[in-house]
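The sequence and model are shown first.

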Amino acid sequence: MDRFPSLNLITTNLIIYSLTALLMMCNKPIFTANGCTPKDSGPVVPTTPLVTFLERVQETALRAYGPKGFDPKLYVDLSLKQNLSTTIEAFDKIKRNENGSVSIDELSGFVEKYLGGAEVDLVYVHPVDFVAEPEDFLPKVKRPEVRDWALEVHKLWKNLSRKVSGRVMEQPDFHTLLPLKNPVMIPGSRFREVYYWDSYWVIRGLLASKMYETAKGIVYNLISLIDEFGYVLNGARAYYTNRSQPPLLSSMVVDIYNETGDKDLVVISLPALLKEHKFWNSGKHKVIIQDGEGLNHSLSRYYAMWNQPRPESSTTDMETASKLSNKCAKTQLYRELASAAESGWDFSTRWMRNESDLTTLATTSVIPVDLNAFILKMELDITSLANAIGDSDTADKFVEASKARKAAINTILWNAETSQWLDYWLKESNLSEDVYKWDASSQNKKSFASNFIPLWINSFNSDVKKVDEVVKSLENSGLVCQAGIATSLTNSGQQWDFPNGWAPLQHMIVEGLVRSGSEQARCLAEDIAVKWIRTNYVAYKKTGAMHEKYDVQKCGAYGGGGEYIPQTGFGWSNGVVLAFLEEFGWEKELKLDCEVSINVLL
């Protein structure tokens, strides 16, 4: 296995990417939108000429085919059959109607001659460590129907396994896919490349499936992105170089190390984790808030390095921004859209000033509970990993860093009245350009599943008294529904809102409850896990697929909403089901019928 895969994109653009990332850490912007300073004074990582051209193809395709069933991402996933200049010249010569549009026949002919299909850059590869029924697989599962289904979910790893094709390796500038050396697990459907935070739950499933080498390969791929760009990208595409995603690489490394004892993995990973920690704690990601006693606390936020339409959703973003008349406001909206995508919650009323208006997104004005919990876990993980290889200096440094962040979370984000951790909204009026003054009214008191993510972190789940208070708050929040935990209580039509439930949120909250050692928390955790396993099972039996998200109002229903149709596959859903079955099992007496509640059995 190649531990340090070369991306082979030795171009001027990559040099610009790296320099931009470094300058961001120094809080020195490369570009600003004309007339938008200081409102949008953040950095921008320039995209590649190929991505820019494919956005033109995307816009032309929308006009030719119309909006029904149109997926803009498809067009920026295409590749070149000839060099870019020749392709652009041919595209510019296509016959156009008086309004500038192109006929379907003309566009189809151009695409067939000059562009490669979106599916050919990644090719199927059989995972080296896959066996049909791994030894000691889910020993707590006693009911035959559940075991048979779990083995079917396990076999889906074969369906989702890919490697980058030789043509991408040979001519990387002809493709938007980045040439990762090791095999990957894709989420499924329209998501034809590896994604950052998805990979954590994929790895949890792979560990349950005893596929340790595949899991390590995913980590080495992500490390290669840090080596190249200074951070893990949202996904392995050239158009994702302007943002990251929730930072969970340290969690992947710790979980694999705990299963395998592979210290070589730790030695290789630690320098990359230190770089990633710096990325999230410098430049525009870093925010200082002064509390009521005059003490400064450092926390982090999502802040994409982009202020134009997202290439993979360019036509969609332009349509959203068309509701705004001011160019400066559009530029800021594009920054907020990309930053929401960096959060993984794209999109949600959690980031919106007006719940009914997506143009009021203000992601960069929010100090998110979950992001800061993830970074605290990263600091604790780095401490543990450094100790494992005898690096006491790094361990000591991150012990102090984790203490400081825990204090910041407790001071700025914890709300004793609700017994929840709450997102904090930054206000325009601040003490200086870099320091914000604490204001209790800036906490967002609405219920989101993210309010309970700190339970996943040992620093918080080890306090049993507080955990029991949080458990009561979760039970009374309205978020726990018939088929799992709802993302929010607001039915906005956005996919990261009610009634959708997402596998990662279920898993983090459930695992945190279990780790706490509280009997009350364990009971709630098992109730949620059984609901989630059951709705996944019933939906699978109805549709023959695992789904990206589920409707928690009713057992066996998959979710909807958002800017694309519901997707199947599905990496993190598969991983969470296997992780839950490994933790809780499934007794012979426990029914699979949607009507049966675990509370009745208990």
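Which backbone oxygen does the side chain of Asn 500 reach? The side chain of Asn 500 reaches the backbone oxygen of Gly 560, at 2.7 Å. This is a predicted model, in which local features need pLDDT of at least 70 and side-chain atom pairs count only at pLDDT 80 or more, while totals for chains, interfaces and linings use all residues. Residues are numbered from 1 along each chain as its sequence is written, and side-chain values use heavy atoms, with hydrogens and water left out.

**Buried asparagines**

Asn 500 belongs to strand E15 (residues 500–501); helices (H or I, at least four residues) and strands (E, at least two) are DSSP runs, numbered from the N terminus. Asn 500 counts as buried because its relative accessibility is 2%. Buried means under 20% relative accessible area, exposed over 50%, and partly exposed in between (1.4 Å probe, protein chains only). Asn 461, in helix H16 (residues 458–461), is also classed as buried, at 2% relative accessibility. The side chain of Asn 461 reaches the backbone oxygen of Leu 455 at 2.9 Å.

**Salt bridges**

A search of the whole structure finds 29 salt bridges, a salt bridge being a side-chain nitrogen of Lys or Arg within 4 Å of a carboxyl oxygen of Asp or Glu.

| Salt bridge | Closest N and O atoms |
|---|---|
| Glu 89 with Lys 93 | 3.3 Å |
| Arg 143 with Glu 145 | 3.2 Å |
| Arg 243 with Glu 312 | 2.7 Å |

The pair of Arg 243 and Glu 312 links distant parts of the chain, 69 residues apart. Arg 243 lies in the loop between helix H9 (212–229) and helix H10 (249–260), and Glu 312 in the loop between strand E7 (296–300) and helix H12 (314–321). Arg 243 is buried at 2% relative accessibility, and Glu 312 is buried with a relative accessible area of 5%.

Lys 73, Asp 77, Arg 192, Glu 193 and Arg 237 are linked in a salt-bridge network.

**Surface charge**

A patch of negative charge on the surface gathers Glu 135, Asp 136, Glu 259 and Glu 582. Patches are made of residues with over 30% relative accessible area and no salt bridge, like charges being joined within 9 Å. Glu 135 sits in the loop between strand E3 (122–124) and helix H6 (144–160), and is exposed with a relative accessible area of 73%.

**Backbone geometry**

Most residues other than glycine have a negative phi, and most peptide bonds are trans. The peptide bond from Asp 346 to Phe 347 is cis, with omega near 10 degrees; Phe 347 lies in the loop between helix H13 (327–343) and strand E8 (366–367). Phe 498 and Pro 499 are likewise joined by a cis peptide bond, with omega about 5 degrees.

Lys 210, although not a glycine, has a positive phi of about 60 degrees, and is partly exposed at 23% relative accessibility. Ser 419 is not a glycine either, and has a positive phi of about 55 degrees. Ser 419 is placed in the loop between strand E9 (414–415) and strand E10 (420–421), and is buried at 12% relative accessibility.

Technical notes
Patches are made of residues with over 30% relative accessible area and no salt bridge: like charges are joined within 9 Å, nonpolar side chains (Val, Leu, Ile, Met, Phe, Trp, Tyr) within 5 Å. Accessible areas come from the Shrake-Rupley method with a 1.4 Å probe; for residues, only the protein chains shown count as cover. Lys and Arg count as positive and Asp and Glu as negative; His and the chain ends are not counted. The place of a charge is taken as NZ of Lys, CZ of Arg, CG of Asp or CD of Glu. A polar contact is a pair of N or O atoms within 3.5 Å; within protein, one must be able to donate a hydrogen and the other to accept it, and residues adjacent in sequence count only if both atoms are side-chain atoms.
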